[in-house]
Amino acid sequence: MDFKKTKFGRFMNCRVPASKRYQPTEYEHAANCATHGFWILPSLVGGSVLYFLSVDQWHRTAAWLYGSGLTGLFVTSTLFHTAAWKISHLRNVEQRFHMCDRMAIYFFIAASYSPWLMLRELGPWSCHMRWLIWVMACVGSVYVFFFHERYKLLELLGYVAMGAVPAFVILSMVERAGVCELAVGGVLYVVGVVFFKSDGLVPFAHAIWHLFVAAGASVHYYAIWRYLYLPESMLHTSR
């Protein structure tokens, strides 16, 4: 369906070649900022709740890592989209915000896995994956620094791979509670990628992608809170 020929056409720009950047309309810029900016305060509160529910240093460290990654994702995304909207003429500044936004995704993925890798009884690979996931985040960030926007498909595959590889370790959990929520959150992220790649084809495609990210993060937060931080879950730690 060609949305440009419908009443929604005024809300979106045309599709651009892969070699050029998609420029959202004013409506889309506002939606991009709002759909992640709204979640900054809830993510701060959510991270704090986990921290205050912590019973030992392992829980506190996991809560700090996860809360920082979650909040950092929404903050950097909002800052980048605000810069792209209001100071796009400052190309170098906008570029730096864009790079930070891309790097934050890697660290968000690592932070999302950390509570499970640190607080659950897992298979023999878990002790390696606890630090390997952060090495992967650093490698991804270095890649963004040197090759930002050059190989977009490769960058997307990097995010998908980093999100998928630790999942195989998580599946080795002795205690299976939470696996269903992890799978649901993962599906939400994957479906959201369809909209991420639909800029210029679907009105507010990028903002819809943001909503899928927020939904996936909410499901994963619920799982972490319920199965790793509520009092009855403390029996299933890896310490």
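Predicted model: local features only at pLDDT ≥ 70, side-chain atom pairs only at ≥ 80, totals over all residues.
The secondary structure of the chain comes to 8 helices and 0 strands, so that, read from the N terminus on, the order of elements is α-α-α-α-α-α-α-α. The chain has 239 residues, of which buried residues make up 46%. Where contacts in the chain join residues at least 6 apart in sequence, 76% of these contacts are between residues at least 24 apart.

H3, with 30 residues, reaches 42 Å from its first C-alpha to its last, which is close to the 44 Å expected at 1.5 Å a residue. At the start of H3, the backbone nitrogen of Trp-58 has a side-chain oxygen of Asp-56 within 3.2 Å. Elsewhere in the chain, Lys-86 lies over the face of Trp-85, at a distance of 4.1 Å from the ring centre.

The buried residues of H1 are Glu-28, His-29, Ala-31, Asn-32, Cys-33, Thr-35 and His-36, and what covers them includes helix H2 (40–53), H3 and H8. Because its relative accessibility is 5%, under the 20% limit, His-81 counts as buried. With residues up to four places away in sequence not counted, His-81 touches His-29, Asn-32, Cys-33, His-206 and His-210. In the case of His-206, the side chains of the two histidines are joined by a polar contact of 3.3 Å.

The largest nonpolar core has 40 residues, and those that touch the most other members are Leu-50, Trp-116, Leu-117, Ile-133, Met-162, Ile-224 and Tyr-229. At least two residues of this core are supplied by each of helix H3 (57–86), helix H4 (91–119), helix H5 (126–147), helix H6 (152–170), helix H7 (179–196) and helix H8 (205–229). The largest share, 12 residues, comes from H4.

In one of them, the rings of Phe-107 and Trp-134 have their centres 6.2 Å apart and their planes at 35°, so the pair is tilted. Phe-107 lies in helix H4 and Trp-134 in helix H5, and the pair therefore ties together parts that are 27 residues apart in sequence. Phe-107 is partly exposed, its relative accessible area being 29%, and Trp-134 likewise counts as partly exposed, at 22% relative accessibility. A further aromatic pair, that of Phe-108 and Tyr-189, is edge-to-face, with 6.4 Å from centre to centre and 80° between the planes. Since Phe-108 lies in helix H4 and Tyr-189 in helix H7, this pair ties together parts that are 81 residues apart in sequence. Both Phe-108 and Tyr-189 are buried.

Two further residues concern the backbone. Most residues other than glycine have a negative phi. Phe-204, although it is not a glycine, has a positive phi of about 60°. The place of Phe-204 is in the loop between H7 and H8, and with a relative accessible area of 25% this residue is partly exposed. His-128, by contrast, lies in helix H5, where it counts as partly exposed at 37% relative accessibility. The C-alpha atoms of His-128 and Val-169 are separated by 9.9 Å, while the two residues are 41 residues apart along the chain.

Terms used: Residues numbered from 1 in each chain as written. Heavy atoms only, no water. Core = buried A, V, L, I, M, F, W, Y, C linked by side-chain atoms within 4.5 Å. Buried < 20%, exposed > 50% of the residue type's maximum accessible area, 1.4 Å probe, protein only. Helix = DSSP H or I, 4+ residues; strand = E, 2+ residues; numbered from the N terminus. Phe/Tyr/Trp six-rings, centres within 6.5 Å; stacked < 30°, edge-to-face > 60°. Lys NZ or Arg CZ within 6 Å of the ring centre and 35° of its normal. Expected span 1.5 Å × (residues − 1). Polar contact = N/O pair within 3.5 Å; in protein donor to acceptor, adjacent residues only side chain to side chain. Contact = heavy atoms within 4.5 Å.
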